[in-house]
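This briefing sets out the architecture of one protein chain for a reader who has the sequence and coordinates at hand. The points are grouped by topic.

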Amino acid sequence: MAIASLGRNDRFDAAIIGNSHVAPLSPHRLSTKTRLEFVSLTLPGASVQPELQLLKWFLTHRKAPPRLIVVGIDDVWCRQSPKYVEEPALPTWLISDSSLSYAAKLFRYDSVEQAVQRFTNSERSVARPPDPRGFWDLELDYKWDEEKIRSELSKPWIHSTNLSGTYPALGLLQQTLSLAPPDVAVALIMLPVWAETLPQGGAELISEGLCKRAFKNFAESLHRGIFIDRRKADALTKTPKNFFDRTHYRAPIAEQVEAELIQELQRLL
């Protein structure tokens, strides 16, 4: 139930919103290096709508207005149907304004753990107390095994293609951000993946470019918008040791993403 209380805690004026793909970004490191108080609000296995429910909760359950919203954008945001095919039942009732929904689900609060196990193959063996900023440190829950990781990275990858130029997730994001104060900063981060996961050509590459352009244009249309594209091939994303699997990156990449975000914030705030 920590996610609900963290989301309405007025101590925090900056939120990281997303699923396990955004989890490596550390609210502790970011708070130390900025003048902001970060919280991480993540739901493992979530696609767009549950993530935006978290954002709505954060925006509407606080006395003081937030200063920054960070949204992690992964490939599901670019699809015409922005939902994972096998998305688990997620505990969004914890952040529901309906008391009936909350009461009906209260005694089935195993869904978070089920989602963690199903979508991340977490190897957690010892329960830990909730992190005070909501940080989910994957380094503590995964065992990095070179042979296993290289095998995982070598598996075929099927790209989703959307050449329509329309992105329902972007409309949902715009609708949710209408609840935010006009001067809030919004950072959209295209999240890193293993370099060989990226499309190499054809319709898949065109689709990726169209999506990036749409989210970049949206960020630039905001009063204080930031767009960071880390979904690209470079020395970090070409190094197997920096990944747990194709879409879950490790601390060296997370720290680079954080450094770029801090640089943008210094310019903007």
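The structure is a predicted model. The protein chain holds ten helices and five strands. Those strands are arranged in an open sheet in the order E2-E1-E3-E4-E5, with parallel pairing.

**Chain as a whole**

- Of the 269 residues of the protein chain, 51% count as buried.
- When contacts between residues at least 6 apart in sequence are considered, 79% join residues at least 24 apart.

**The sheet**

- The sheet has five strands and is open, its order being E2-E1-E3-E4-E5.
- Its edge strands are E2 (38-42) and E5 (225-229), each of which pairs on one side only.
- On average, neighbouring strands of this sheet are turned by 15 degrees against each other, direction ignored.
- In general, the strands of a sheet pair through backbone hydrogen bonds, in either a parallel or an antiparallel sense.
- Helix H3 lies across strands E1 (14-18), E2 and E3, and runs at about 160 degrees to E1.

- Strand E2 is mostly covered, with five of its five residues buried.
- Phe-38, Ser-40 and Thr-42 point one way from E2, whereas Val-39 and Leu-41 point the other way; all are buried.
- E1 and E2 pair in the parallel sense over five bridges.

- Strand E5 is largely enclosed by the rest of the structure, because four of its five residues are buried.
- From E4 the chain crosses through H9 to E5, in a β-α-β crossover that is right-handed.
- E4 and E5 pair in the parallel sense over five bridges.
- Ile-189 has Ile-228 in E5 as its bridge partner, and Leu-188 stands opposite Phe-227 in E5.

**Leu-188 in strand E4**

- Leu-188 is found in strand E4 and is buried, with a relative accessible area of 0%.
- Beyond residues up to four places away in sequence, Leu-188 touches Val-71, Ile-73, Leu-173, Phe-215, Phe-218, Ala-219, Ile-226, Phe-227 and Ile-228.
- The C-alpha atoms of Leu-188 and Val-70 are separated by 6.1 Å, although these residues are 118 residues apart along the chain.

**Helix H8 and its buried face**

- Helix H8 (residues 168-177) has Ala-169, Leu-170, Leu-173, Thr-176 and Leu-177 as its buried residues.
- Viewed down the axis of H8, these buried residues fall within an arc of 125 degrees, so they line one face of the helix.
- The buried residues of H8 pack against helix H3 (48-60), strand E3 (68-73), strand E4 (185-190) and helix H9 (202-221).
- Thr-176 lies in helix H8 and is buried, with a relative accessible area of 11%.
- Apart from residues up to four places away in sequence, Thr-176 touches Leu-52, Leu-55, Lys-56 and Leu-59.

**Asp-75 in a loop**

- Asp-75 lies in the loop between E3 and helix H4 (99-105).
- With a relative accessible area of 17%, Asp-75 counts as buried, because the cut-off for that class is under 20%.
- Asp-75 touches Tyr-84, Ser-160 and Arg-231, leaving aside residues up to four places away in sequence.
- Asp-75 and Arg-231 are 156 residues apart in sequence, and their C-alpha atoms are 9.6 Å apart in space.

Notes:
Residues are numbered from 1 along each chain as its sequence is written. This is a predicted model: local features need pLDDT of at least 70, side-chain atom pairs count only at pLDDT 80 or more; totals for chains, interfaces and linings use all residues. Side-chain values use heavy atoms; hydrogens and water are left out. Buried means under 20% relative accessible area, exposed over 50%, partly exposed in between (1.4 Å probe, protein chains only). Helices (H or I, at least four residues) and strands (E, at least two) are DSSP runs, numbered from the N terminus. The arc is that of the directions from the helix axis to the C-beta atoms. Contact means heavy atoms within 4.5 Å. Two strands pair if DSSP finds at least two bridges between them. Axes are lines fitted to C-alpha atoms, for helices over the stretch in contact, and angles run from 0 to 180 degrees between N-to-C directions. A crossover is right-handed if, with the strands pointing away from the viewer, the path from the first strand over the helix to the second runs clockwise.
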